[in-house]
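Please open the model in your viewer and keep a selection tool at hand. The tour below moves from one selection to the next.

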Amino acid sequence: MVVLGASFHYFQNKKVYLTVIPHFMIDSWKVSDFYKFTKQKFFWETALPDRVVLISPNHFFPEQNKIEGLCKNEVLKFKNYSINALASNITSVECSWGVFYNIWNQKFTKDHGLWEHFKRIDEYYPWIEVIPLALPTHQLNHSKEIVQWIKTLPWKTLLIASVDFSHYKSEKIAEENDKVSFSVLTSTWNFNELRNLDVDCPACLWVNYLLAEENNLKIQQRYRDSSSTIVGYDLEKENTSRQFLFRE
């Protein structure tokens, strides 16, 4: 899992903190540890963020060419977990394709790229409102729109990009592809290369990359693992990798 963590000023007294955290929750203590790590790193000496922006690949509707979000503020649930979710005013947002759906008067989400984070957001950032967005995975034009929108937000904002890395490759290939991804993310002006990374949401990574690029922030790795390294043998086509990175 890659986690990009970054903080910087757009205006006086305004900060944005960037993370990339996987939704593949095998060996989930590492995800919890990263939430704890970034919370302590970013908010040890300052107040918690005013809002969380959670972006994910749109796993179930690849034909959707727009961003999926909420049309109004609602409590968003998955099983026993819930977040106080907000709508956004991004032009390209739609809310009619089923990423978010109603059962009676309650709103749910079916996308695990979003709901896998509900438990930890509730644990580490309780009561903080969340803006959930599901992105077309390879349409990087939406990344620019999200960046411009984030730059107008009047809050201290934590951005969580829910991203898994190499899928369905042997561990040897996954490790090499992850090295390429890390190299691209640590270098400057690699916009064209981002689209071809072995990840499930290049568009999510580009939001982080664009914001960090403007502020000359460096990426660091906290963990890199995979389902193969966790179980102790190569799962081949069942393998998925993760990187835990942060920017500062």
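Predicted model: local features only at pLDDT ≥ 70, side-chain atom pairs only at ≥ 80, totals over all residues.

An α-helix has 3.6 residues a turn, so residues three or four places apart point the same way. Now select the whole of H5, residues 171-186, whose 16 residues reach 22 Å from the first C-alpha to the last, close to the 22 Å expected at 1.5 Å a residue.

Select cysteine 71 and cysteine 95, whose sulfur atoms lie 1.6 Å apart in a disulfide. Cysteine 71 lies in the loop between strand S4 (67-68) and strand S5 (74-78), and cysteine 95 in the loop between strand S7 (93-94) and strand S8 (100-103), so the pair ties together parts that are 24 residues apart in sequence. The torsion about their S-S bond is about -75°, so this disulfide is left-handed. Cysteine 71 is exposed, at 57% relative accessible area, whereas cysteine 95 is partly exposed, at 28%.

Finally, select cysteine 201 and cysteine 204, which are joined by a disulfide with an S to S distance of 2.2 Å. This link of cysteine 201 and cysteine 204 is right-handed, with 70° about the S-S bond. Cysteine 201 counts as buried at 0% relative accessibility, and cysteine 204 is buried with a relative accessible area of 0%.

Methods:
Residues numbered from 1 in each chain as written. Heavy atoms only, no water. Helix = DSSP H or I, 4+ residues; strand = E, 2+ residues; numbered from the N terminus. Expected span 1.5 Å × (residues − 1). Disulfide = S-S within 2.5 Å. Buried < 20%, exposed > 50% of the residue type's maximum accessible area, 1.4 Å probe, protein only.
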